[in-house]
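Dear colleague,

Please find the structure below, together with its sequence.

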Amino acid sequence: MQMDNKVVMVTGGAGGLGEGIAKVLAQRGADVAVCDIDLDGARVIANDLAQRGRKARAYWMDVTNRARLQETVDAILADFGRIDVLVNVAGVIAAAGFEDTVTSREADWDVTFTVNVKGTVLASEVVAEHMIGRGAGKIVNIASHAGRGGGAGGGAYGASKAAVIHLTQSFALQLAPHNINVNVVCPGTIWTPMWERIAERNRRNDPQKADLTGRQIFDQAILERCPLQREQTPEDIGKAVAFFASDDAFNITGQSLNVNGGTRMN
Ligand SMILES: NC(=O)c1ccc[n+]([C@@H]2O[C@H](COP(=O)([O-])OP(=O)(O)OC[C@H]3O[C@@H](n4cnc5c(N)ncnc54)[C@H](O)[C@@H]3O)[C@@H](O)[C@H]2O)c1
């Protein structure tokens with residue numbers, strides 16, 4: 001599971017899961033291009049990795065814009081020489097105002113499918129072009145256990161993540177002749193800015209949670225739904241990504257791996 005001198009591009013790398021994934025891969029020897037629409041946040045992470053002795057650089061990137069994606073990938077190739085691994089982490093839970101709603105609105109369908117699905121497709125297509133030229137590469141997508149089955153009110157987000165699992169299989173088939181493995185990690189419940197929004201939504205819409213803090217709502221969710229009774233961390237997800245990105249996963253493609261403490265087993 002070593003990543004020695006592999007060049008990894010992480011989208012959504014400015015915080016949350018992206019930060020944890022970037023750190024785990026760097027600890028295992030990878031050099032990292034940290035990409036995000038939040039350039040300041042990406043710089044903080046890249047500086048941290050550089051201080052730990054890895055080559056790391058921050059890039060502004062909007063995964064929903066093919067032309068800008070291509071520019072950023074060109075810049076990464078100029079700086080690092082190649083991309084061995086793409087990790088598609090950039091994602092959104094919903095549009096603004098999500099905290100006051102209980103069901104998905106049209107704006108939620110638009111933004112989740114644009115960022116989570118189209119963004120994963122565009123980043124994969126642009127980077128795969130480079131990987132095809134090299135005859136090697138690994139793509140690791142981040143979906144969610146929410147993509148494994150329906151949930152009341154979570155329609156747009158869960159459906160977008162089901163689409164990511166589906167398109168992982170399509171890309172795996174399409175890119176297999178080029179020696180490119182494509183897999184997906186389905187994280188469970190992780191305390192990040194995204195989950196802070198989910199907790200706030202629960203607090204506003206459930207009178208029984210009105211007096212709880214976001215963190216208390218999160219802790220309650222873990223106890224209620226997670227058989228292992230513990231939260232997952234960005235580093236847990238990083239370790240699963242490291243496996244798919246490593247040579248140990250040489251013969252694994254098109255697969256989904258739940259990292260959710262047993263919350264969903266399908
Ligand atoms: N937190 C969880 O419990 C959880 C569970 C399952 C799956 N996930 C998935 O993990 C990924 C990361 O989630 P998180 O919890 O760290 O969320 P987060 O909101 O903390 O981080 C998401 C990151 O993506 C970036 N981003 C958003 N839109 C972008 C765009 N168009 N282009 C480039 N970057 C963009 C944001 O700036 C941010 O840095 C998401 O795909 C999310 O759906 C999270």
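In these notes, a residue is called buried if its relative accessible area is under 20%, exposed if it is over 50%, and partly exposed in between, with a 1.4 Å probe and only the protein chains counted. Please note that this is a predicted model, in which local features need pLDDT of at least 70 and side-chain atom pairs count only at pLDDT 80 or more, while totals for chains, interfaces and linings use all residues. Residues are numbered from 1 along each chain as its sequence is written, and side-chain values use heavy atoms, with hydrogens and water left out.

The ligand site

There are 27 residues around the ligand, and Leu17, Asp36, Val89, Tyr157 and Thr192 come nearest; a residue belongs to this shell if one of its heavy atoms lies within 4 Å of the ligand. By residue type, the shell divides into 16 nonpolar, eight polar and three charged residues. Here Ala, Val, Leu, Ile, Met, Phe, Trp, Tyr, Cys and Pro count as nonpolar, Asp, Glu, Lys and Arg as charged, and the others, Gly among them, as polar.

Two or more residues of the shell come from each of helix H1 (16–27), helix H5 (155–175) and helix H6 (193–205). H6 gives the most, with three residues. Helices (H or I, at least four residues) and strands (E, at least two) are DSSP runs, numbered from the N terminus.

Asp36

Asp36, in strand S2 (residues 31–36), is buried yet has no salt bridge, and Arg43, the nearest side chain of opposite charge, is 12 Å away. Lys and Arg count as positive and Asp and Glu as negative, with His and the chain ends not counted. The side chain of Asp36 does reach backbone nitrogens: that of Asp38 at 2.9 Å and that of Gly13 at 3.2 Å.

Salt bridges

A salt bridge is a side-chain nitrogen of Lys or Arg within 4 Å of a carboxyl oxygen of Asp or Glu. By this rule the count comes to 19. One of them joins Asp48 and Lys23 at 3.6 Å, N to O. Asp48 lies in helix H2 (residues 39–51) and Lys23 in helix H1, so this pair ties together parts that are 25 residues apart in sequence. Lys23 is buried because its relative accessibility is 18%, whereas Asp48, at 22%, is partly exposed. Asp48 also bridges to Arg52, at 3.0 Å, N to O. Salt bridges with shared partners join Glu19, Lys23, Asp48 and Arg52 into one network.

Gly238

Finally, Gly238 belongs to helix H8 (residues 234–245) and is buried, with a relative accessible area of 0%.

With kind regards

Notes: Polar contact = N/O pair within 3.5 Å; in protein donor to acceptor, adjacent residues only side chain to side chain.
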